[in-house]
Protein chains: 4
Amino acid sequence: MPDHTEPLHEVAHLGHIELLTPRPEESLHFFHEVLGMEEVGRQGESVYLRAWGDYERSTLKLTASGLGRGWTTGDLGHGPAYQFTDPDGHLMEIYYEAERYQAPPELRPALKNQPQRYTGRGAAVRRLDHINLLADEVTPNRRFMESLLGFRLREQVILDDGVEAGAWLSVTPLTHDIAYTLDATRTRGRLHHLAYWLDNREDILRGADLFLEHGIAIESGPSKHALTHAFFLYAFEPGGNRIELFSGGYLIFAPDWEPVVWNQAERARGQAWGLRLPPSFHTYGTPVVEVPAASLRHVPVVGPS
Amino acid sequence: MPDHTEPLHEVAHLGHIELLTPRPEESLHFFHEVLGMEEVGRQGESVYLRAWGDYERSTLKLTASGLGRGWTTGDLGHGPAYQFTDPDGHLMEIYYEAERYQAPPELRPALKNQPQRYTGRGAAVRRLDHINLLADEVTPNRRFMESLLGFRLREQVILDDGVEAGAWLSVTPLTHDIAYTLDATRTRGRLHHLAYWLDNREDILRGADLFLEHGIAIESGPSKHALTHAFFLYAFEPGGNRIELFSGGYLIFAPDWEPVVWNQAERARGQAWGLRLPPSFHTYGTPVVEVPAASLRHVPVVGPS
Amino acid sequence: MPDHTEPLHEVAHLGHIELLTPRPEESLHFFHEVLGMEEVGRQGESVYLRAWGDYERSTLKLTASGLGRGWTTGDLGHGPAYQFTDPDGHLMEIYYEAERYQAPPELRPALKNQPQRYTGRGAAVRRLDHINLLADEVTPNRRFMESLLGFRLREQVILDDGVEAGAWLSVTPLTHDIAYTLDATRTRGRLHHLAYWLDNREDILRGADLFLEHGIAIESGPSKHALTHAFFLYAFEPGGNRIELFSGGYLIFAPDWEPVVWNQAERARGQAWGLRLPPSFHTYGTPVVEVPAASLRHVPVVGPS
Amino acid sequence: MPDHTEPLHEVAHLGHIELLTPRPEESLHFFHEVLGMEEVGRQGESVYLRAWGDYERSTLKLTASGLGRGWTTGDLGHGPAYQFTDPDGHLMEIYYEAERYQAPPELRPALKNQPQRYTGRGAAVRRLDHINLLADEVTPNRRFMESLLGFRLREQVILDDGVEAGAWLSVTPLTHDIAYTLDATRTRGRLHHLAYWLDNREDILRGADLFLEHGIAIESGPSKHALTHAFFLYAFEPGGNRIELFSGGYLIFAPDWEPVVWNQAERARGQAWGLRLPPSFHTYGTPVVEVPAASLRHVPVVGPS
């Protein structure tokens with residue numbers, strides 16, 4: 001992707017993610033009961049979900065695997081979308097019209113500045129935070145997001161042989177809306193994980209207790225990342241997709257932010273408090289080639305309606 | 001201020017705040033020992049301070065009161081600044097060149113993506129969050145910030161008689177970088193409070209314990225706001241200025257955010273959990289007329305240096 | 001009560017509490033859905049409940065008001081009980097045989113050293129902590145508990161006129177299993193509140209968020225007590241009884257503990273962070289005269305079976 | 001030790017611990033600055049320390065290694081002590097007269113029911129919690145504590161070959177005041193770790209951040225134990241001794257508590273959230289043979305003075 005290309009002004013943020021699952025009922029139970037998300041609609045083989053603090057109608061589309069694509073005229077929660085794939089083959093889309101979530105009576109919040117009541121059910125994740133995509137090569141995907149979509153590089157891992165092993169990018173002050181990390185198996189189009197935000201580290205500890213009681217396999221954590229220095233917990237939903245609970249880290253307000261570059265020796269030290277991620281973390285991913293993986297909302301030039 | 005004026009593209013965020021104090025030594029002790037901030041320089045009658053997560057060199061200038069102005073060629077931590085006053089008379093400035101903080105050896109962080117080590121001293125506030133200015137009339141000040149500086153209105157209080165009693169504005173996804181609230185005494189140019197951010201509600205509870213042990217007067221909290229639904233604690237530093245510890249709330253990613261408007265009856269219900277703020281909250285402010293109250297960093301068209 | 005009476009060796013701890021409610025269905029919803037307790041049995045007009053960390057089968061008996069007494073041969077969860085009233089008229093009982101809780105399959109914990117799984121439902125209170133009884137006169141009731149039941153005085157409030165306004169007593173290292181506080185209305189046999197324990201202050205903040213969303217009236221807090229210096233939240237269950245969520249404070253290991261005595265001026269300073277409790281806190285109570293209010297388990301001399 | 005021996009009525013709790021260090025200055029810096037303890041005296045080669053919530057004058061005696069014994073007439077903070085060794089050779093003592101801590105003006109607490117102000121310095125550990133001693137054989141040491149000192153067995157690990165690999169014992173409602181675990185190197189008289197209590201899990205996460213910034217080697221955690229289900233963090237103080245920060249877990253009020261017995265397969269599952277402790281945890285200990293390792297306070301029959 002040529003660097004001189006003008007970025008597409010102005011992508012606003014990560015909109016929603018579609019996950020494929022071979023075990024749709026168990027996955028739905030996980031997102032509804034264990035993560036505490038709300039179901040807001042069903043269509044075909046898909047169930048649409050939202051966290052209590054998401055302002056759009058839905059941030060997660062859970063689809064029984066095997067479904068084909070073909071929804072360029074829009075989807076539940078947003079209007080017509082332009083679909084494209086990143087260099088690694090992950091299907092993405094950009095859309096302009098989004099439906100703001102209107103809570104039904106039983107989910108109406110006590111405070112009018114919340115989109116939905118806090119139910120407290122399960123881990124009660126608050127809002128979609130970021131997605132981490134595996135890529136056969138990180139660099140072309142990172143450049144694609146920078147050049148065409150206006151993402152900014154925030155943190156980066158460069159190995160001793162010069163290979164870019166990871167790139168954390170955002171269009172918002174979050175440390176990353178999207179990350180690309182090297183797929184050790186050299187497979188294309190896979191998902192590493194998607195992450196939902198919680199407000200306090202304590203909320204994630206509570207999430208770990210709930211995962212324990214629900215028999216959800218914890219892969220690693222809760223602990224503190226070195227990159228982003230956020231607090232995290234990785235687990236697998238029944239469909240096999242890796243889910244992260246995420247809190248803390250930092251916001252980037254500097255307009256001239258210089259990416260933080262980590263070398264191989266620095267990464268070899270493990271996470272912030274010394275924890276080593278297990279081998280599965282570097283090899284396991286789930287296929288998302290044939291379905292939309294991430295949506296990005298477009299902000300018009302003349303101002304939003 | 002005419003609404004058709006083009007806003008000044010693109011103010012980045014709240015930069016720093018200057019506080020006047022009649023008790024400079026006690027105030028310095030408060031910000032250094034009790035809030036846990038670092039001193040990064042002295043000049044004239046002023047001491048410059050920073051929180052551990054601030055990326056700029058300084059976010060607080062603490063000045064023995066009585067000092068005149070006159071520093072339009074820049075200040076410690078930033079280059080030339082354009083000074084102006086808002087309609088209510090608070091002196092402000094915008095600057096382009098900012099000095100990024102370089103931690104000395106004893107404050108170098110263990111993680112390279114932190115600007116400074118976390119010392120854990122005192123409440124260990126993390127970064128400047130927002131400023132709340134009292135105004136004789138809210139509306140002209142709010143319009144000034146919207147029209148000329150590109151701020152967006154996020155939340156608002158409108159009384160039964162149509163008077164705008166408060167406006168919460170931001171150029172970032174924070175719920176407010178600056179708020180204007182009605183000065184019940186009809187004085188001009190006063191400060192209501194400035195706020196530093198902490199990552200978890202628990203950090204604020206710990207701050208309250210420290211205020212108790214240090215004999216710092218707590219005005220209200222810790223509790224939960226209705227507006228912004230953030231967690232808060234208000235106290236007075238020895239110089240008399242009201243300081244807020246702030247955590248949580250929400251981030252605004254929606255490009256077409258609709259301001260949340262609260263009416264008189266809704267405000268009469270108190271804070272989120274029913275707490276009533278004491279009378280002092282609605283009448284007490286400190287003078288900031290003659291000194292710069294807030295700085296806003298300018299982002300150039302061709303990209304930051 | 002004569003001071004020379006030998007105390008009854010050896011009362012172990014607070015066993016369970018019976019609450020009267022004129023709105024049994026709404027009260028049950030509160031304890032089950034909002035506080036997150038489990039129902040473990042029904043008998044007559046009563047529903048028996050437990051918190052997830054209670055080791056006995058039940059710690060709360062919720063009874064539709066109007067029920068008479070008459071269960072000296074035992075009750076659900078324990079064997080024969082000796083009933084008596086304290087000087088103020090609260091009915092109490094002591095029992096020896098208790099049924100240890102055996103979790104059914106769906107509530108079996110992941111860790112074998114927990115009596116029940118952590119469900120995370122509602123505030124998810126952990127275990128019964130203490131009861132606070134109103135009394136026309138504190139002193140005779142306090143002496144009764146000390147002399148006959150072996151309770152130790154931990155903290156105490158003595159007014160300027162010498163009146164004992166409150167006594168906090170325990171047989172365990174908790175700061176209190178039972179407190180007596182002066183009934184400002186000079187009514188006899190009333191309950192001030194009962195308290196359930198949570199492990200972290202953050203759990204109580206979460207409880208406050210849930211009370212807000214469920215429309216449960218918060219009377220005061222979350223904040224920090226001066227006496228016991230524990231973290232607290234007071235609310236009213238639909239039947240009108242005051243419920244406290246409680247965490248922190250201190251444990252008493254000193255065998256020669258000297259009671260902490262607070263005078264009128266010290267109490268006038270409010271709670272630890274300056275909060276003033278509302279007038280209702282000093283006047284409102286609920287009748288428990290005609291039903292058992294607290295149970296105390298007897299430890300035999302020859303050792304437990 | 002014969003089982004029919006009458007236990008010594010009535011040991012009250014763990015009193016204090018003496019640690020040997022080959023690097024006394026660095027160790028003192030760790031306990032004072034990083035853990036946030038107070039120095040309360042010096043004598044010979046020893047420095048005496050306390051946590052802010054300890055009611056006795058001192059709970060930790062830090063001694064430059066090489067010191068001989070010989071203080072049976074008492075020590076700073078307590079009167080004459082009866083010294084003895086457990087079967088594994090750890091030197092212990094029991095004493096009757098203890099000096100209650102009297103805070104000097106600069107450490108006087110805001111609340112009169114605290115023994116000392118909360119300074120917030122470093123991790124600000126609250127009180128001594130427990131000690132874990134390595135033993136060549138667990139069983140004789142466990143029986144010694146049960147038979148002679150009246151400790152109760154709370155949790156236990158029995159391997160497939162019948163070997164008792166660990167015993168958690170207490171005279172208080174804590175899950176353990178003292179634990180014995182098998183010394184994999186078959187050395188006698190070694191310390192595994194000592195633990196200080198903090199009130200909330202969040203306090204331990206903050207402790208981990210401070211250890212990171214201070215360059216203190218974290219061995220494992222923060223995470224959640226399976227046994228005791230408490231939250232923990234293990235690190236090494238500069239003298240090489242393993243220190244644990246500890247919070248949560250459960251209190252035992254049942255007079256007829258049945259020990260929780262874990263078998264080899266159950267232990268092989270790792271900690272509560274799946275974390276595996278590193279090999280060092282099972283092999284590393286520090287010598288405490290020649291100095292007092294733990295003190296136990298005696299409660300007289302006729303009641304404390």
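## Helix α1 of chain B

Helix α1 of chain B covers residues 24-34, and its buried residues are B:Ser27, B:Leu28, B:Phe30, B:Phe31 and B:Val34. A residue is called buried if 20 or more other C-beta atoms, placed from the backbone, lie within 10 Å of its own. Helices (H or I, at least four residues) and strands (E, at least two) are DSSP runs, numbered from the N terminus.

The cover over the buried residues of α1(B) includes β2 (17-21), β4 (46-50), β5 (60-64) and α3 (201-214) of chain B. After α1(B) comes B:Gly36, which has a positive phi near 80°.

## Basis of the description

The model is predicted: local features need pLDDT of at least 70, side-chain atom pairs count only at pLDDT 80 or more, and totals for chains, interfaces and linings use all residues. Residues are numbered from 1 along each chain as its sequence is written, while chains are lettered from A and ligands numbered from 1 in the order in which they are written.

## Strands β13 and β14 of chain B

Strand β13 of chain B, residues 218-224, is mostly covered, with five of its seven residues buried. Strand β14 of chain B, residues 230-236, pairs with β13(B) in the antiparallel sense over four bridges; strands pair if DSSP finds at least two bridges between them.

B:Lys224 has B:Phe231 in β14(B) as its bridge partner. Five residues lie between the strands of this hairpin, where B:Thr228 takes a positive phi near 70°.

## Contact between chains B and A

Chain B gives 29 residues to its contact with chain A, and chain A gives 29 residues as well. Residues are in contact if their C-beta atoms, placed from the backbone, lie within 7 Å. On the side of chain B that touches chain A, the elements giving two or more residues are β1 (11-14) and α3 of chain B. That side of chain B holds 14 nonpolar, nine polar and six charged residues. Here Ala, Val, Leu, Ile, Met, Phe, Trp, Tyr, Cys and Pro count as nonpolar, Asp, Glu, Lys and Arg as charged, and the others, Gly among them, as polar.

## Chains A and C

The contact of chain A with chain C takes 13 residues from each of the two chains. On the side of chain A, five are nonpolar, three polar and five charged.

Note on methods. Buried ≥ 20, exposed ≤ 12 C-beta atoms within 10 Å, placed from the backbone.
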